Amino acid sequence: MTQHRIALIPGDGIGVPVTEAAMRVVAASGASITTQSFPWSCDYYLEHSRMMPVDGIETLRGFDAIFLGAVGWPARVPDSVSLHGLLLPIRKAFVQYANIRPHRLLPGVQGPLRKTDFDILCIRENTEGEYSGAGGRVHQGTSDEVAVETSVFTRAGVERILRFAFDQAKSRRGKLASVTKSNAQRHSMVFWDEVTDELAKEYPEVEVSRYHIDAMCARMVMAPESLDVVVASNLFGDILTDLGAAIQGGLGFAASANINPTREAPSMFEPVHGSAPDIADQGIANPMAAFWSAAMMLQHLGQDIPATRIMQAMETVCGNGVGVVPGQHGTDEITTAVLAQLQD
Ligand code: ATP
Ligand code: MG
């Protein structure tokens, strides 16, 4: 098996213990990796006035993948500084245009829905759209004030995220739901629908459905089992994936990947949760989201067997009732239980 080099950025708060736990689990899974850890975090910022060194991006470029715990500690460093100094530059430099999040219930986990048999892969456009930052304000502070936020959708950007989504649907259950609001937003979203229709011709084996974002929110709650792959713009994907995290039992189980499908630069894997300053240093962070993100990383690297072993170990542990009730088991207890399954 090829050995892959992983850059670890444990970051802040609970990012540190969940990254450490995830790497113990990866080691026990039989994965073939080497790791190098970087202390880039809010602590690093307070010492160096930067979130990472000037050549940080170039350093990371040499790795096969990046695993990130969580970054941010708003009481000490504004999010605008920590996000814009580390997370966003990495996503941008390595063109990680597909943000993917699996939403399904692990056995034994109590979600808020009566339906439990869903398995959804949400794909969010990660580089443009509503979060392009284009716009501005005029006549500030007067009664004539106007604020404009312009969404930017490029053909290249829309085509590549939709193509990625079609490919994912093809490799799963063959169903793709494309989410817009093209009845109300008549330029960008109509364009998105047009590109969807064009690509659909290239993928006759994929069944495509279009939904508006409001209807999709309702569907994820009422009929999540009807969905396979869901693709959406930056803003809509952001909203849908928080809904997805909620229906799968919360942030303790929400995993994510920022993918560069061309593989010309490393992709980055991270639990969805933040640094959770309120519970940092208490030993109670649920590491399952980090384990799941690590399994996604191994899968992306082609290390399918260890990836599957980690998922199966997590499923057994959750099925045994460990780590499923918030606050009942600590980080160490959950990690030990998963390690025990991997050593069996
Ligand atoms: P960010 O701005 O980085 O998203 P946030 O302030 O929204 O951070 P999160 O860290 O995302 O906070 O999580 C919100 C709350 O959920 C936390 O404060 C914590 O109480 C709880 N939480 C999050 N992740 C976990 C976890 N893995 N295990 C247990 N509780 C968690
Ligand atoms: Mg948050």
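UniProt positions are given in the numbering used here, with feature names shortened, and its annotations may be inferred rather than shown by experiment. An unreviewed UniProt entry places the feature "domain: Isopropylmalate dehydrogenase-like" at residues 5-338. The end C-alpha atoms of this span lie 23 Å apart, and the span is 40% helix and 22% strand.

The model is predicted: local features need pLDDT of at least 70, side-chain atom pairs count only at pLDDT 80 or more, and totals for chains, interfaces and linings use all residues. Residues are numbered from 1 along each chain as its sequence is written, while chains are lettered from A and ligands numbered from 1 in the order in which they are written.

Two helix pairs are compared below; helices are DSSP runs (H or I, at least four residues) and strands likewise (E, at least two), numbered from the N terminus. Axes are lines fitted to C-alpha atoms over the stretch in contact, and angles run from 0 to 180 degrees between N-to-C directions.

| Pair | Angle | Axis distance |
|---|---|---|
| H1 (residues 15-28) and H9 (residues 288-300) | about 50° | 9 Å |
| H10 (residues 304-319) and H11 (residues 331-343) | about 120° | 9 Å |

H10 is therefore oblique to H11, where angles under 35 degrees count as roughly parallel, over 145 as roughly antiparallel, 65 to 115 as roughly perpendicular and the rest as oblique. H1 and H9 are likewise oblique to each other. The contact of H1 with H9 is made by Val-18, Thr-19, Ala-21, Ala-22, Val-25 and Val-26 of H1 and Ala-290, Phe-291 and Ala-294 of H9, contact requiring C-beta atoms, placed from the backbone, within 7 Å.

How values were computed:
Contact = placed C-beta atoms within 7 Å.
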